[in-house]
Each structure stands twice: as C-alpha cells, then as structure tokens.
Amino acid sequence: MDLNKLRETAAGIVSREDVKYLIGWRRGTFGYRVSPYFIEDAAGVEELIFSPLCISNLATYLTLVERLPVPRGQQPDERKVALLVKGCDSRAVNQLLVEKGINRDRVIVVGLPCPGMVDWKLLAEKYPETEAPVEMRWQGDDFLLVHNGQEIVVPRAEALAEKCRLCRHPNPVISDATVGEPVQPWEPAEDSGVGEIEAKSAPERWAYWEEQFSKCLRCYSCRNVCPLCYCEDCILDRLNPTWVNRAFNFSENTAFHLARAFHLAGRCIECGECERVCPAGIPLGRLNRKLAKTVREEYGFEPGLDAEGEPFQASYRPEDPEEFIL
Amino acid sequence: MSEQFEPNIVAFLCNWCSYAGADLAGTSRIQYPANIKVIRVMCSGRVNPLFVVNALQQGADGVLISGCHPGDCHYMEGNFYARRRLKLLKELLEYIGVDPRRFNMSWVSASEGHKWKEVVEKAVEDARAAGPFNQFRRRQIGW
C-alpha cells in the first residue's frame, strides 16, 4: 500500500469544491489505537494512514452524522462526503444504497483493496500496548510491527482478525477511485464460532447464550456503531409500544439481542464492528453470521454486493424454502 | 397422580384464510384442543417477529403462525414475505437454544377446517413435549 498515492488521491478529492470532507483513519493517541479522521482541507492528508490497524468501518459515519435543522434563509449543505472503504466497508455502502439510506450522488467512495486487518487485542497479549502509537505495515502475507523501536514480523495467522479470516470480499465492490492493486482473495476459513454453537444441543446453546446475554450492559454500542443500524426511530428507543423494556435483566437482554440480530438478517455485511466495540465481549458476530449463513446457503443471497439489488427481507421468490411450514 | 401439562399457545391467524378456517372448524363442530389463544391479524405478513419474542416473554409456551397458502394471499404477496422472515426467526430462536417445537407455522385456507384441527393438535402436542417455558419469562414487577 503506497501511502503517498493514497494521500495524493485524498488531497485531490478534498480540494474539490463540491466535497465537504473525507473520512479516513489516522494514528490514535497511544498503542494500537487508530481514530477516524475527518479531513476538510488538503493540508490534513499528511496524517492520513491505511495500516493493518485500520479495522474500523467508516461507513457508519455516513448515517451517524447529525443533521441539524437548517436555519431560515440558509441552504442545506449539499456537498459530497468522501469515504475510504475496505472490502467489507464497501459492502456496507452498497447495502445503504440498496436501502436508499444514502444518496449515491452525495458520496465519493475511495476503495482500498484490503490484505487483511489485525485484531490488536490478539497482538496486545504478546506485545503489550505502548504509550506511543505503534506503526504497522503489511509485509508480504505477514504484518510488520514497529514496537519499541524494534521491527517485528508478526505471522499472519497469529494476528489476523476473525472477520478477515472469514472474509470473502477483500476488494471493494463499489468505488469511484481505487488506490492500490486488487488483492487475491484468500480461502475463507471455516466459521468455527458458529460451528461450535451449532454442534451443541438446545439446552447447551441456551446455557451458552444465557451466559453471554447476561453480560450485556445494554449500552447499545453495537447498534450505534453498526453502519446499517440507522433508523431514525429505533424500536429500542420507542416507548409506545415498548417492544423491549429498558429493564436490565436476562429476559429483556435476550429480546434486545434477538431484535438486533433479526433486524440485521439479510443485511449484515459481517464487518464485525458490533463485536469489536462490545465492552462486555459478547460474541455478537456469531449471531449475525449465523443468519448471514442461512441467508447465503438457503436463499443464495449475499447483501451488499449489488447497489442496484433488492433488500432481502423486502423481496421474495415463489420457490423460497418452506419445508418448516405445516 | 400427576396432572398433564397444558401449554399456552399464542396463535397469529390471518384474517382471510386461517381465521376463517378456524371459524369453519368451529361452525363444523370439529373438536380441537383449547390451548390455543387466537390473535387475528390482517395478514401473516403483519406478524412482526417481535410479536413472537414478546409472546414468549409474556408466558407463551409456544407460538403458531398461520396464513394463506402461497399465491392465495389477499394482499397478493404478504405471506411470501412472512415466509422469509419467520424462517429466519425460527433459525435464530433455534440457534439461541429455544426448542424448535415451540415455533410452528402453517398454511391453512378458509376451507380447511380439518387441517386447522390437525395443525392445532400438532402445535399443542409439540409444546407439551417441549414442556413449560419459563426461562425467558419477563419478570413482573408489582409495585
């Protein structure tokens, strides 16, 4: 990945009249952290990075941004937003377009073929976080970590994030400009997380999820970070009818997690953000990926591949499976 | 002597087919178990999956959803959407460890009083075999 070329492209886009800002990544304040970065002028691109630590999905900022009412006599800001996307992020953009959550004319998608990201929590076990931000690069198939002034080669298998092991689309599926050469998609690993639960008996599964859901703090981080959870009127916030009570107990937590997972059925693009941000460490990806797997295997549908396609739950085929119906 | 467990089953019936089918069963004096609590909805596509979750939270031991046969929907395609949606819900419930026998779905037309009887018998039998469902019950707070 040629950072200079990325910065050049970014500078070119940001200096355009009709572009409001570009959303990218920059080094965080310490350790392995990387923060989202909103660049409004060409001078800002110097801090822009794309490294194996840029795991977060920036597509969520397309819908997360607050739209304040426009004061009388003023025109709304109609300028475009540019966005750096990896393969998985680009599927989120596509899915947003399918659902008409964003307007195609208002976004500029800069695609970055992604050779795989690092789960820094795996790294931190071996190489503890330092006070200064660390640097990381791809080196062939492996990662190169600059840690306390030392260059360490971290084998791919040791640090690759779970979502990247399962990744089927490392190259952006939608982009207005691509920086870097397309990567060769790798063989996705067996989804051991979902497989492990599927192998259990019903009471064991219940016990497993009971333990997991009981940990939930109901902070709704998973909802807020999700690029596809952007309803203005979310059922979780609604009081009348109260679909999910705010009470903090197992029954309500389970209802919340069922609702959250279900609302992403056939929409989840498996970017793994919900799992990454969960402060309680609930394996939310296992819920989403199970439904994604059902949708893929039984309906041959994968969300976010075609910006012109139909949303899964708002379409049907007469020959859909119905063996479960009496 | 132990008393037999009588499950509580919430049934969501579409107004045009299944509800009329259940009505036909009634007017034809077909005997079927009384464990079913019928809720009439305008279409099986109206059944929000959260209805099912809510019913289970509020003490249902099983849920039955019934609509028109595919192609017969009063609204042309409502039951096709319901089929996709509820299939996913069934998978999800099964995945978190709810006994799959607690969730049943059927197509019953307005002329199928006998089929309705069979469906209800099966649903009740299934829920009875699965036993009482208390793990997920919403805690009632009496002030």
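This is a predicted model: local features need pLDDT of at least 70, side-chain atom pairs count only at pLDDT 80 or more; totals for chains, interfaces and linings use all residues.
**View 1. The open sheet of chain A.** Five strands of chain A form an open sheet in the order 2-1-3-4-8, and their pairing is mixed. Strand 2 (34–39) and strand 8 (177–178) of chain A each have a single partner strand and stand at the edges, so one side of each has no neighbour in the sheet.

**View 2. Strands 1 and 3 of chain A.** Strand 1 (residues 19–27) and strand 3 (residues 80–85) of chain A are paired in the parallel sense, with four bridges between them. L22(A) has A82(A), in strand 3 of chain A, as its bridge partner.

**View 3. Helices packed on the sheet of chain A.** Helix 1 (residues 3–14) of chain A packs on the sheet and touches strand 1, strand 2, strand 3, strand 4 (107–111) and strand 8 of chain A. The direction of helix 1 makes about 155° with that of strand 1 of chain A. Helix 3 (residues 87–98) of chain A also packs on the sheet, where it touches strand 3 and strand 4 of chain A. The angle between the directions of helix 3 and strand 4 of chain A is about 155°.

**View 4. Helix 10 of chain A.** Helix 10 comprises residues 250–263 of chain A, 14 residues in total. From the first C-alpha to the last, helix 10 of chain A reaches 20 Å, close to the 20 Å expected at 1.5 Å a residue. Helix 10 of chain A is mostly covered, with 13 of its 14 residues buried.

**View 5. The side of chain A that touches chain B.** The contact involves 28 residues from chain A and 32 residues from chain B. On the side of chain A, helix 8 (202–214), helix 10 and helix 12 (284–299) are the elements that give two or more residues. Helix 10 of chain A gives the most, with seven residues. The side of chain A that touches chain B has 19 nonpolar, five polar and four charged residues.

**View 6. The fold of chain B.** Chain B contains four helices and four strands, and its elements run β-α-β-α-β-α-β-α from the N terminus on. Along the principal axes, the C-alpha atoms of chain B fill a box of roughly 40 × 35 × 30 Å. The radius of gyration of chain B is 15 Å, which agrees with the value near 15 Å for a compact globule of 143 residues. Of these 143 residues of chain B, 52% count as buried. Among the contacts in chain B with a separation of 6 or more, 82% are between residues 24 or more positions apart.

Key. Residues are numbered from 1 along each chain as its sequence is written. Chains are lettered from A and ligands numbered from 1 in the order in which they are written. Two strands pair if DSSP finds at least two bridges between them. Two residues are in contact if their C-beta atoms, placed from the backbone, lie within 7 Å. Axes are lines fitted to C-alpha atoms, for helices over the stretch in contact, and angles run from 0 to 180 degrees between N-to-C directions. The expected span of a helix is 1.5 Å times one less than its number of residues. A residue is buried if 20 or more other C-beta atoms lie within 10 Å of its own, exposed if 12 or fewer, and partly exposed in between; C-beta atoms are placed from the backbone. The radius of gyration is taken over C-alpha atoms; the globule rule is 2.2 Å times the number of residues to the power 0.38. Ala, Val, Leu, Ile, Met, Phe, Trp, Tyr, Cys and Pro count as nonpolar, Asp, Glu, Lys and Arg as charged, and the others, Gly among them, as polar.
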